[in-house]
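Please keep the sequence and the model in view while reading.

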Amino acid sequence: MTGGTVLAVERACTELTGSAPAETVRVRTGPKTAVYRVRLADGRRLVVKLFAADVSHSAADEARLLVAVTEAGRVRVPAVIGHGPVPGLTVSALITADAGTRTLRDAVRTGQMPRPAALLRLALLMAAFHAIEPPAGVRLAPGIGQQVSAMAAHCPRQVFVRLAPALEVIAGGARRERLVWCHGDLHLENVIRGGDRHLIAGAGGEPHLPEYVVDFEAATVEVPEYDLAQTLVTCDALEPSDRMLMAAAYGRPLDTRLLDAYVAFQAVRGWTYAAHREGRDRDAWAARLHLALPPQPGRTVL
């Protein structure tokens with residue numbers, strides 16, 4: 001998303017909060033969304049997320065999901081301040097309270113938290129999120145056949161062939177009774193550290209973790225292995241010790257064979273679109289692909 005985003009932030013804040021921004025800092029900008037951290041003239045600190053007009057997941061969708069998570073009381077998310085179309089522009093905006101800037105990745109990078117502890121927190125958050133009943137309107141993940149068809153057009157044949165055994169496991173699983181609400185992109189950058197060090201009381205008095213979870217664009221309904229595999233891949237937690245740690249911390253029944261198959265699938269899908277098509281993070285994705293889908297002896301998949 002490029003062009004006019006600062007103007008969109010100004011109009012969104014004025015329309016949805018009643019106060020103009022005094023300071024605006026860009027957090028990230030993508031093809032369809034942009035995120036800004038804002039200090040309003042009245043002193044409030046907020047986060048503004050802009051959505052292009054043609055996105056399938058809109059500001060209203062994300063606001064609805066955040067409210068559902070808040071009402072469930074198991075996982076903390078930033079409070080929704082307002083959402084709606086930006087006057088005079090073809091974008092919509094979601095405005096939430098600013099939960100802070102310290103992510104789990106920051107904590108690991110600066111040595112404030114050991115990496116295994118951060119992975120454990122992710123697994124605990126995922127288990128808590130999967131226990132929430134998904135609100136009406138959360139879409140089922142596309143069928144594996146549909147996802148494979150979309151990927152096959154861009155994935156080199158030698159890589160795709162190596163993925164075939166994993167796809168057979170995924171296609172053969174009886175899974176309908178095990179569907180959960182999946183975050184879809186739960187990694188160290190999408191968890192913001194809260195100020196509390198221990199479990200705190202949520203809605204209804206139930207304890208929950210102090211971290212805040214953000215970015216629900218990829219939320220869907222699928223089996224838990226689908227979600228955990230995505231986290232393992234994007235967090236570079238593909239060594240056996242990391243997989244065992246996160247599976248144990250998750251603490252809910254998992255099909256390890258299906259998890260391994262989804263790890264291979266998520267790694268190939270990520271590599272296909274990020275490294276192969278877009279040419280970004282090539283080394284990181286090559287390493288993930290190698291660990292998730294080892295090449296045959298004497299052959300290379302890249």
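Phe265 is found in helix H9, which spans residues 256-277; helices here are DSSP runs of H or I with at least four residues, numbered from the N terminus. The model is predicted, so that local features need pLDDT of at least 70 and side-chain atom pairs count only at pLDDT 80 or more, while totals for chains, interfaces and linings use all residues. Residues are numbered from 1 along each chain as its sequence is written, and side-chain values use heavy atoms, with hydrogens and water left out.

- Phe265 counts as buried because its relative accessibility is 0%, where buried means under 20% relative accessible area with a 1.4 Å probe, protein chains only.
- Leaving aside neighbours within four places in sequence, Phe265 is in contact (heavy atoms within 4.5 Å) with Ile144, Gln147, Val148, Met151, Leu163, Leu167 and Ile170.

**Nonpolar cores**
- Leu122, Trp181, Phe216 and Phe265 touch the most other members of the largest nonpolar core, which has 72 residues; such a core is a set of buried Ala, Val, Leu, Ile, Met, Phe, Trp, Tyr and Cys residues joined through side-chain atoms within 4.5 Å.
- H9 gives the most to this core, with 12 residues.
- Another core, of 15 residues, lies apart from it and includes Val9, Leu40, Val91 and Ile95.

**Helices H7 and H8**
- Helix H7 (residues 224-234) and helix H8 (residues 240-250) pack with their axes 11 Å apart, axes being lines fitted to C-alpha atoms over the stretch in contact.
- Pro224, Leu228, Thr231 and Leu232 in H7 meet Asp242, Arg243, Met246 and Tyr250 in H8.

Key
Helices (H or I, at least four residues) and strands (E, at least two) are DSSP runs, numbered from the N terminus. Buried means under 20% relative accessible area, exposed over 50%, partly exposed in between (1.4 Å probe, protein chains only). Axes are lines fitted to C-alpha atoms, for helices over the stretch in contact, and angles run from 0 to 180 degrees between N-to-C directions.
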